[in-house]
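We will walk through it strand by strand, with cut-offs given along the way.

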Amino acid sequence: MKTFLVFSFMFNFNTLLRTTECIETDQVLSITPKTQEQVDILKNVSTQRPYGNLLPSNSSKRRPRSTYSFLVLLPNANELIEMQMRNDSSDPRGSTTFYERYHTLDDIYFWLNRTQQDNPSTVKLILIGSSSEKQPLYVLKLSLNDRPNKKAMWIDCGIHAREWISTAFCLWFVRHSLLFYSQNPDITHILDNMDVYILPVMNPDGYKYTWTTNRMWRKNRAVSKSSSCIGVDLNRNFDAEWCTVGASDDPCSEIYCGTFPESEPESQAVAKFLRRHKDSVQLYFSVHSYSQMLLFPYSCTLDEADNHNELLELAQHAAQKIRRFYRNTYKYGAGAKTIYLASGGSDDWAYNLGIKYSFTFELQDSGRYGFLLPPSYIPQACNEALTALKTITLKVIEKTQAPTGPPPAD
Ligand code: ARG
Ligand code: ZN
């Protein structure tokens, strides 16, 4: 059966006028709507379909006609998807190439346990809740010393199921921290001064579903009371101008906000944990893909955050570093003006909770492969994000913490 598989979830009007991407059978197309009618049709294709975004090919009304301009971006997406799933678990879990691959949910749970067991004095596993299908939500706590009153940062990955590079980044970050502590001065300074809480898979049910059934799934897998459509967009489910802009109250939408703020066990677990730790957590990072952006609040309003200029400067520094080291371009700015207006996001919520350094990173790429970023891109994509994260964190430590180390002899 021929199908269209629509990638895009950007259906705020202005964004839709840009580009929407589809898969036809095993092709990824990029379609640019030219009229309002076309915008509406694409909007339906991408938001209204149950069971992911599958459309039977005989719905010719919705097929791109010659009046649409479209480009074949990936002529063989199925092959690409198979390539990404190949060889999982054939590598010993400690080897370097382990981190240069994507992994199943079961493999990630195994890795979490192993990482804790191999580093019993520095790594703790904290169970913060469970998903709607009762998968555990584990946070890794990295704590390299027991200085009193140490500050902390939070990193979550995989809030959106199909953004595999995001979860790969969380694993990459942990490896980098454990391997290069006391060798690389930046990570050493960071870990000397901060604990790190890392949630590698915030949406385990969705992530599993992308491995078994639909590679393009975004939401969690919650069953709705009012509809046969599945899933809530966890990044529309937080209590930040909840469900007002760039979110939908339709359970079939890709940006469904849920029935009330924190209605989902995954977002509630994160929110509860951060509320409990808000006095120590100084920095919040949420990792997504794709589009190469370093975003900060607000996304739910066009108003500027109190420390907008400070956040802008931090993001700008980080983007400059990425450009210099990796010759790659990242846009940066407040979410609402840089990507789109969207309420209910975790970054805005964390910011309003009092975590004044709150960021969402959109990793590689800028559209060539989109969510289907091949494994060979993992190292550079993760190193770019690592550079940004370290640049921002070092500056925040410098701004907010008294210098550590031996007191000067007088
Ligand atoms: N692509 C992300 C999303 O749609 C961007 C998140 C930016 N922050 C936000 N609060 N909307 O969720
Ligand atoms: Zn995302």
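The chain gets from E11 to E12 through helix H9 (residues 308–326), in a right-handed β-α-β crossover: with the strands pointing away from the viewer, the path from the first strand over the helix to the second runs clockwise.

This is a predicted model, in which local features need pLDDT of at least 70 and side-chain atom pairs count only at pLDDT 80 or more, while totals for chains, interfaces and linings use all residues. Residues are numbered from 1 along each chain as its sequence is written, and chains are lettered from A and ligands numbered from 1 in the order in which they are written.

Is E11 covered on one face or on both? Both faces are covered, with Met 293 and Leu 295 buried on one side and Leu 294 and Phe 296 buried on the other. A residue is called buried if 20 or more other C-beta atoms, placed from the backbone, lie within 10 Å of its own, exposed if 12 or fewer do, and partly exposed in between.

Back in E13, have a look at Glu 362, which lies in that strand. An unreviewed UniProt entry places the feature "active site" at Glu 362; such positions are given in the numbering used here, feature names are shortened, and annotations may be inferred rather than shown by experiment. Glu 362 counts as buried because it has 23 C-beta neighbours inside 10 Å. Leaving aside residues up to four places away in sequence, Glu 362 touches several residues, including His 288, Met 293 and Leu 295, where contact means C-beta atoms, placed from the backbone, within 7 Å.

Which residues surround ligand 1? Among them are His 288, Leu 295, Asp 347, Asp 348 and Thr 360, each near in the sense that its C-beta atom, placed from the backbone, lies within 6 Å of the molecule. The shell around ligand 1 has 3 nonpolar, 6 polar and 2 charged residues; Ala, Val, Leu, Ile, Met, Phe, Trp, Tyr, Cys and Pro count as nonpolar, Asp, Glu, Lys and Arg as charged, and the others, Gly among them, as polar.

Asp 347 and Asp 348 are also among the buried residues of helix H11. Since 6 of the 8 residues of H11 (residues 346–353) are buried, the helix is largely enclosed by the rest of the structure. Its buried residues pack against helix H8 (265–276), strand E10 (281–289) and E13. After H11 comes Gly 354, with a positive phi near 120°.

Finally, step back to the protein chain as a whole. It comes to 12 helices and 13 strands, and buried residues make up 48% of its 410 residues. Of the contacts with a separation of 6 or more, 72% come from residues 24 or more positions apart.

How values were computed
Helices (H or I, at least four residues) and strands (E, at least two) are DSSP runs, numbered from the N terminus. Two residues are in contact if their C-beta atoms, placed from the backbone, lie within 7 Å.
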